[in-house]
Amino acid sequence: MRFNTAGPVSALPKGFGGDSMQLKSISSNSNMCIDIQPAPGGPVETAPNNSSRSTNSRQPEEAEVSASDFAAASCVAVSARDGDRSTLGAQKSYAEYLQLEKLLSAQRLISDDPTEMLFIVQHQTAELWMKLLLHQLKLAITAIRADMLQEASRKLTRVKLIIQQLVSSWNLTSTIRPIEFSSIRKSLGTASGMQSYLFLAIQYRLGNKDPKILEQYQDGRAVHPEVADAYAAPSLYAEVIDLLARRDFAISPSVLSRDQTLRTRYDTSVETAWLTIHQNPNQYGDLFDLGEDLVDIEDAMRQWCFRHLTTAERIIGSKKGTGGTSGVAYLRKKLDVVLFPELWHLRTAM
């Protein structure tokens with residue numbers, strides 16, 4: 001799999017993005033530069049104890065703030081800018097804490113249609129939800145790696161609820177009339193939701209590591225570090241399968257030594273493990289619940305994709321998508337993606 005811009009290509013090394021490696025930098029120039037160095041102080045993500053926080057070389061770990069400290073300070077604001085977090089201090093106003101001036105000045109209309117405000121706000125809101133979704137997903141992965149399944153379940157429940165928020169947002173988007181969107185679309189150029197690096201990172205964290213998606217996303221741009229890390233790192237389901245092996249289920253060695261940059265593939269040994277768990281839910285209660293959390297998430301993801309499909313068809317019909325895809329036909333194919341194949345196939349086997 002190659003990550004490239006208009007210049008020479010750079011291949012992402014196999015195994016890149018694991019616990020002992022980290023992405024140093026990716027340039028936005030014509031040549032993409034990847035510098036891989038050992039992560040100082042250990043893994044990129046640490047197992048949650050009292051608190052779980054993702055860390056990397058550009059993003060120092062935050063100090064834990066107790067409830068009493070928070071109440072005494074009234075408000076502690078944390079700014080995330082280019083990966084660098086800094087405490088803004090106490091006694092900040094609501095607007096300062098949420099950086100509302102910056103947030104509410106980011107809606108800049110470029111067409112003459114007033115409906116564009118709805119279009120922009122809906123998509124910006126979706127990006128914020130996806131940022132939170134990805135954050136919770138990475139925390140869940142860290143918890144599973146540390147065998148903290150109760151904590152993982154809490155994070156996965158949040159993931160499911162965030163996806164449900166995204167599903168419901170299509171109700172508002174579907175109120176855009178075709179003639180209104182035609183006016184907006186003329187000003188969009190090549191901009192497309194396909195280019196959302198957060199959505200792509202979510203897909204990769206869930207195991208849908210289709211390199212064609214990345215090629216369409218990239219379109220001459222440098223690969224975002226969030227995408228590169230998600231592509232190379234073990235997915236949520238890969239971590240769950242490793243957990244099954246640690247719990248002494250007979251998982252095939254070929255699955256445990258798999259290339260983490262490949263999409264999840266069905267394996268009989270994995271389904272056998274899940275079948276045993278489903279037949280003995282009292283004995284394997286935490287694993288049973290974890291499996292159902294995954295099914296809930298995939299169910300919600302399918303609803304998200306379906307609402308995207310139907311909303312697009314309602315607004316643009318069979319026109320091509322703004323990113324050069326076939327539009328509705330392209331979205332329909334995405335419904336065929338299966339993230340956790342054994343968990344669905346065992347329903348037939350039982």
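This is a predicted model: local features need pLDDT of at least 70, side-chain atom pairs count only at pLDDT 80 or more; totals for chains, interfaces and linings use all residues.
Of aromatic pairs, the structure holds 5, and two of them are described below.

**Aromatic pairs**
- Tyr 204 and Tyr 231 form a tilted pair, because their planes stand at 55° with the ring centres 5.3 Å apart.
- This pair links distant parts of the chain, with Tyr 204 in helix 7 and Tyr 231 in helix 9 (residues 225–232), 27 residues apart.
- Both Tyr 204 and Tyr 231 are buried.
- Tyr 237 and Phe 340 also make a tilted pair, since the centres of their rings are 5.1 Å apart and the planes meet at 55°.
- Tyr 237 belongs to helix 10 (residues 236–246) and Phe 340 to the loop between helix 14 (328–334) and helix 15 (341–349), so this pair ties together parts 103 residues apart in sequence.
- Tyr 237 has 0% relative accessibility and so counts as buried; Phe 340, at 0% too, is likewise buried.

**Helix 7**
- Helix 7 (residues 197–205) is largely enclosed by the rest of the structure, because 8 of its 9 residues are buried.
- Among those buried residues are Phe 199, Gln 203 and Arg 205.
- After helix 7 comes Gly 207, with a positive phi near 105°.

**A charge over a ring**
- Arg 302 sits over the face of Trp 344, 4.2 Å from the ring centre.

**Surface patch**
- Tyr 94, Tyr 97 and Leu 98 make a nonpolar surface patch of about 330 Å².
- Tyr 97, found in helix 2 (residues 94–97), has 33% relative accessibility and therefore counts as partly exposed.

Terms used: Residues are numbered from 1 along each chain as its sequence is written. Side-chain values use heavy atoms; hydrogens and water are left out. Patches are made of residues with over 30% relative accessible area and no salt bridge: like charges are joined within 9 Å, nonpolar side chains (Val, Leu, Ile, Met, Phe, Trp, Tyr) within 5 Å. Accessible areas come from the Shrake-Rupley method with a 1.4 Å probe; for residues, only the protein chains shown count as cover. A salt bridge is a side-chain nitrogen of Lys or Arg within 4 Å of a carboxyl oxygen of Asp or Glu. Helices (H or I, at least four residues) and strands (E, at least two) are DSSP runs, numbered from the N terminus. Buried means under 20% relative accessible area, exposed over 50%, partly exposed in between (1.4 Å probe, protein chains only). Rings of Phe, Tyr and Trp (its six-membered ring) pair if their centres lie within 6.5 Å; planes under 30 degrees apart count as stacked, over 60 as edge-to-face and the rest as tilted. A charge sits over a ring if NZ of Lys or CZ of Arg is within 6 Å of the ring centre and within 35 degrees of the ring normal.
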